[in-house]
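This briefing covers the pockets and the aromatic contacts of one protein model. Please read it alongside the coordinates.

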Amino acid sequence: MRDFSADTSALALNTATLGHNLDGHGAGWPIERVIDACAMHGFGGITFWHREIRARAVEIGDRVRAAGMEITGLCRSPYLVGSELPSNWLDEAKASIDMTADLGASILTIVTGGTEPGTKGVLETQKILAERVSQMTDYAADRNVNLALEPLNPMFGGNRTCIMTVRDALRICDMVGADNLGVAVDVYHVWWDSDLRASCAEAGGKIFGYHLCDWLENTGDMLLDRGMMGDGVADLRDIRSCVEDAGYSGFCEVEIFSAEKWWKRSPEEVLKVIVDSFKEQC
């Protein structure tokens with residue numbers, strides 16, 4: 001495993017950690033201030049949300065690189081299955097790929113959406129998902145964009161996801177068969193999976209992203225109460241060893257949805273705590 005005790009070059013901030021993914025949360029810092037603060041604290045990268053970028057992708061990408069960091073990804077694609085599937089899902093998906101490319105990022109995260117209307121369970125929905133993802137991969141490859149399927153904790157099954165494990169995501173990858181389709185492994189969603197090491201080993205070079213936070217013992221809100229690294233019960237070093245033993249050597253992206261704690265604190269404080277926790281706990 002890599003030694004991060006004195007090295008933050010692989011540390012990335014997902015701006016959701018400052019509340020920037022939902023209206024009415026966080027300190028409301030402009031994107032330029034976030035970039036400057038991350039650079040000052042020694043972060044190596046930043047992942048933004050679609051809603052922050054709008055028509056400024058090229059400008060924002062250039063500013064991040066000028067600050068000595070990388071754009072580590074974009075969150076996220078539209079839902080591709082389920083009752084909340086946009087009527088123009090393919091156009092939205094292509095627009096997200098275009099934004100990723102304009103940012104100069106290499107990864108677009110895919111949160112799949114839930115069970116397809118008229119079906120039960122997840123297997124039929126997974127087949128439909130694979131068919132729709134296959135309509136995106138060539139377009140993304142032409143723009144040097146990788147697509148990362150993110151399994152979600154099973155509690156999000158039904159409305160937000162049809163893939164709950166790394167192995168589920170790999171099943172979709174196998175159905176599609178595209179080199180630029182892989183998996184994002186998020187601690188919050190996979191910490192409980194006793195087969196994680198085996199499925200990460202199976203994934204090998206298909207692990208495109210690794211997301212950090214913690215699972216609080218008494219989680220108060222399944223979406224908006226993630227813990228800072230070290231505050232919960234996830235075995236963070238073991239999970240990282242799973243992805244790194246499989247060959248992953250990319251960024252460790254901190255993504256903490258925390259409406260009642262971290263989103264109410266100063267971003268400067270949050271960034272400092274992230275750096276300290278990353279060095280000590282991850």
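Rings of Phe, Tyr and Trp (its six-membered ring) pair if their centres lie within 6.5 Å; planes under 30 degrees apart count as stacked, over 60 as edge-to-face and the rest as tilted. In this structure, Trp49, Phe257 and Trp263 form one aromatic cluster. The model is predicted, with local features requiring pLDDT of at least 70 and side-chain atom pairs pLDDT 80 or more, while totals for chains, interfaces and linings use all residues. Residues are numbered from 1 along each chain as its sequence is written, and side-chain values use heavy atoms, with hydrogens and water left out.

**Aromatic pairs**

- The count by the pairing rule is 5 aromatic pairs.
- Phe4 and Phe278 form a stacked pair, at 4.8 Å centre to centre and with 25° between the planes.
- This pair links distant parts of the chain, 274 residues apart: Phe4 lies in the segment before strand S1 (11-14), and Phe278 in helix H11 (residues 267-281). Helices (H or I, at least four residues) and strands (E, at least two) are DSSP runs, numbered from the N terminus.
- Phe4 counts as buried at 4% relative accessibility, and Phe278 is buried at 0%. Buried means under 20% relative accessible area, exposed over 50% and partly exposed in between (1.4 Å probe, protein chains only).
- Phe257 and Trp263 form a tilted pair, at 6.3 Å centre to centre and with 45° between the planes; both residues are buried.

**Charges over rings**

- The charged end of Arg226 sits over the ring of Phe257, 4.4 Å from its centre. The criterion is NZ of Lys or CZ of Arg within 6 Å of the ring centre and within 35 degrees of the ring normal.
- Arg265 lies over the face of Trp262, at 4.6 Å from the ring centre.

**Largest pocket**

- The largest pocket holds about 390 Å³ of space. On a 1 Å grid over the protein atoms alone, a pocket is an open set of points where a 1.4 Å probe fits, with protein on both sides within 12 Å along at least five of seven lines; lining residues have an atom within 4 Å of a point.
- Its lining has 20 residues, and the closest to the centre are Asn21, Trp49, Arg76, Arg160 and Phe257.

**Second largest pocket**

- The second largest pocket has a volume of about 250 Å³.
- Among its 21 lining residues, Thr72, Gly73, Ser106, Ile107 and Phe251 lie nearest the centre.
- Strands S3 (70-75), S4 (107-110) and S7 (207-212) each supply at least two lining residues, and S3 gives the largest share, 5 residues.

Technical notes
Grid points are joined across faces, edges and corners, and a volume is the space filled by probe spheres set on the points.
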